[in-house]
Amino acid sequence: MVLDDLGSSLRGTLDSLRGKSRIDEEDVEKVVKEIQRSLLQADVDVSLVMELSDSIEERSLEEEPPAGTTARDHVLRIVYEELVDLVGESTELPLEEQTIMLAGLQGSGKTTTAAKMAWWFSKKGLRPAVIQTDTFRPGAYEQAKQMCERAEVDFYGDPDEDDPVKIARDGLEATEDADVRIVDTAGRHALEDDLIDEIEEIEATVQPDRSLLVLDAAIGQGAKDQATQFETSVGIDGVVITKLDGTAKGGGALTAVNETGSTIAFLGSGETVQDIERFEPSGFISRLLGMGDLKQLTERVERAMEETQAEEEEDWDPEDMLKGEFTLKDMKRQMDAMNKMGPLDQVMDMIPGMGGGLMDQLPDDAMDVTQDRMRNFEVVMDSMTEDELENPRSIGASQVRRIAKGSGQGEETVRELLEQHKMMSRTMKQFQGMGDGDMQRMMKKMQQGDGGMGGGGGGGGMGGFGPF
Ligand SMILES: Nc1nc2c(ncn2[C@@H]2O[C@H](COP(=O)(O)OP(=O)(O)OP(=O)(O)O)[C@@H](O)[C@H]2O)c(=O)[nH]1
């Protein structure tokens with residue numbers, strides 16, 4: 001993943017500033033060197049790197065840190081602000097009725113992105129539809145159709161029609177009920193006249209509210225040329241950078257886009273429909289620096305909670321968990337919610353203090369063990385009675401034996417589960433008394449537990465679901 005090592009290498013350097021209240025030139029130089037190395041390795045333009053490092057150096061030495069700020073946090077904040085500035089703003093994308101056209105070179109990931117974006121909009125409560133006008137690449141129709149099925153979104157395409165403009169026109173009519181229509185177009189090896197003519201015609205027919213350029217992260221600095229070319233020919237409102245999972249060089253695309261005066265709308269980081277995220281500069285950089293992306297984590301938690309809730313009894317309110325007794329049933333719901341959020345290591349990466357550095361210190365299979373353990377806990381809970389789930393404290397030695405036998409797990413696992421529940425229960429108690437506190441506040445509380453700006457503190461954790 002792009003700029004992956006920036007967070008850990010920078011944290012190492014910043015840690016050497018621990019305990020210092022003032023920073024000197026030598027310290028700043030060390031930090032700046034680390035940043036330069038990481039950014040250049042990730043293919044960020046040299047002059048941009050130099051500009052950024054000058055600015056960090058100047059500000060770190062000249063700006064007066066607010067009272068009570070350590071030298072480390074002072075520099076970290078400046079680095080963070082400068083990096084946020086470097087990647088630029090996020091493309092404006094209101095959650096309303098609209099038509100979005102995707103353009104880009106062959107293989108950049110347009111079709112995949114169309115389905116991913118449709119999935120993303122559907123999770124925001126809008127009804128999206130994908131219109132596939134790519135008649136150039138055999139297989140594009142089937143690929144788009146399958147991905148849209150997976151994303152559970154509407155799809156329009158016509159494999160027997162060769163005129164993309166006609167497909168676009170018919171597609172608009174056929175998807176009248178949709179709120180957001182995403183029009184996928186064909187790609188070519190280079191921005192040739194044919195491609196431009198076709199896109200211009202489709203654009204004239206579709207009259208999109210937004211046109212987004214889809215760029216493969218691996219093209220690095222080449223992003224600048226492509227963005228400029230597409231901007232002059234069809235005009236672009238924003239960029240989607242794909243395949244960030246497959247390259248360490250994506251820094252070029254990320255920053256080159258900004259240099260052309262364009263903005264980034266989405267980031268793609270995998271082949272499945274869920275592998276998309278809205279580009280949020282501050283969240284993106286916090287995550288790179290290992291500060292945890294609270295905003296994104298909160299979104300995921302809320303989404304997972306909503307889904308779990310819908311499947312369970314309707315009168316259950318997650319806030320009850322913060323008010324009353326935290327039962328094993330609540331713990332089970334939380335585990336279900338965690339499962340829905342995606343692979344545990346990704347979730348942990350977004351939790352402040354659990355990101356980058358700490359994860360790096362864990363053995364590779366630590367997360368698998370945790371996931372296995374969660375599965376074992378679920379099996380154990382399935383063998384408990386309603387009363388035991390509601391009142392775990394009432395579970396004595398004979399019940400432990402019975403539950404272990406019934407679930408096919410060792411007594412040790414049952415005891416571990418009870419112990420884990422106790423730990424989580426204690427954590428929940430800390431969140432109680434927060435008034436109408438919602439998940440967001442809970443997340444904030446976790447961040448505070450991490451010591452504010454400083455990453456790598458090892459605090460927080462999903463109410464105890466850390467790598468225990
Ligand atoms: N790893 C990874 N692969 C991706 C990502 N986005 C797309 N791909 C893969 O890249 C390949 C090309 O993606 P498509 O969506 O077919 O690209 P396209 O721009 O529609 O291609 P044309 O229709 O030929 O112009 C496919 O194999 C996708 O699975 C991503 O974010 N990560």
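What share of the contacts in the protein with a separation of 6 or more comes from residues 24 or more positions apart? The share is 77%, where a contact means two residues whose C-beta atoms, placed from the backbone, lie within 7 Å.

Before I go on, what you see is a predicted model: local features need pLDDT of at least 70, side-chain atom pairs count only at pLDDT 80 or more, and totals for chains, interfaces and linings use all residues. Residues are numbered from 1 along each chain as its sequence is written.

First, the overall picture. The protein has 468 residues, and 46% of them count as buried. Buried is 20 or more other C-beta atoms within 10 Å of the residue's own, exposed is 12 or fewer, partly exposed is in between, and C-beta atoms are placed from the backbone. The secondary structure comes to 21 helices and eight strands; these are DSSP runs, with helices being H or I of at least four residues and strands E of at least two, numbered from the N terminus.

Next, the ligand. There are 23 residues around the ligand, and G109, T111, T112, G187 and G268 come nearest. To be near, a residue needs its C-beta atom, placed from the backbone, within 6 Å. Helices α5 (110-123) and α6 (140-151) each supply at least two residues of this shell; α5 gives the most, with three. By class, the shell holds two nonpolar, 14 polar and seven charged residues. Here Ala, Val, Leu, Ile, Met, Phe, Trp, Tyr, Cys and Pro count as nonpolar, Asp, Glu, Lys and Arg as charged, and the others, Gly among them, as polar.

D43 sits in the loop between α2 (25-41) and α3 (46-62). D43 counts as buried because 26 other C-beta atoms lie within 10 Å. Leaving out residues up to four places away in sequence, D43 touches G220, Q221, K249, G251 and G252. D43 and I219 are 176 residues apart in sequence, yet 9.7 Å apart in space, C-alpha to C-alpha.

Last, a helix pair. α9 (residues 222-233) and α10 (residues 251-259) pack at about 40 degrees, with axes 7 Å apart. Axes are lines fitted to C-alpha atoms over the stretch in contact, and angles run from 0 to 180 degrees between N-to-C directions. The two helices are therefore oblique to each other: under 35 degrees is roughly parallel, over 145 roughly antiparallel, 65 to 115 roughly perpendicular, and the rest oblique. A223, K224 and A227 in α9 meet G252, A253, A256, V257 and E259 in α10. That contact has five nonpolar, one polar and two charged residues.
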